[in-house]
Amino acid sequence: MAIVIFHNPNCSKSRATLELIREAGQEPVVVPYLKSGWTKPQLQALFAVADIFPREALRSGRGPASELGLLEDGVSDDAILDAMVAHPELVERPLVCSPKGVRICRPPELVGDLL
């Protein structure tokens, strides 16, 4: 199984993570998720393997999470997932998959555990 990075080239953390993967001698599959988007089953599977809830993968610092009311108490996982499908930028990045697991690599050095 190849290493896969769900990548936003405009994000310095995502660029740094991609660079660390390549410096380790790996050439990952790069998924430009802002263009390709997400599906709900895809996100559910990634989060299950990462052992995180959708709220933990929600990008809350920037983007439309606050305007969409997703930061309020009581917002369901389904509502967050639906918003992530509609607004791909709501998923925290970079998300990396490897035979060793799935992880949000913030800070980028966390990718080392997946290599």
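Here's a quick rundown of the sheet, the helices on it and the nonpolar cores. The model is predicted, so local features need pLDDT of at least 70 and side-chain atom pairs count only at pLDDT 80 or more, while totals for chains, interfaces and linings use all residues. Numbering starts from 1 along each chain as its sequence is written, and side-chain values use heavy atoms, with hydrogens and water left out.

**Sheet**
- Four strands make an open, mixed sheet in the order β2-β1-β3-β4; strands are DSSP E runs of at least two residues, helices H or I runs of at least four, numbered from the N terminus, and strands pair if DSSP finds at least two bridges between them.
- β2 (29-31) and β4 sit at the edges with a single partner strand each, so one side of each has no neighbour in the sheet.
- β3 and β4 run antiparallel, joined by four bridges, and L95 stands opposite I104 in β4.

**Helices on the sheet**
- α1 (residues 12-23) packs on the sheet, touching β1, β2 and β3 (contact: heavy atoms within 4.5 Å).
- The direction of α1 makes about 170° with that of β1; axes are lines fitted to C-alpha atoms, for helices over the stretch in contact, with angles from 0 to 180 degrees between N-to-C directions.
- α3 lies across β1, β3 and β4, at about 100° to β4.

**Cores**
- The largest nonpolar core has 23 residues, with F6, W38, L46 and M84 making the most contacts inside it.
- β1 (4-6), α3 (40-50), α4 (77-86), β3 (95-98) and β4 (101-104) each supply at least two residues of this core.
- A second, separate core of eight residues includes I5, I21, C105 and L114.
- A nonpolar core here means buried Ala, Val, Leu, Ile, Met, Phe, Trp, Tyr and Cys residues joined through side-chain atoms within 4.5 Å; buried is under 20% relative accessible area, exposed over 50%, partly exposed in between (1.4 Å probe, protein chains only).
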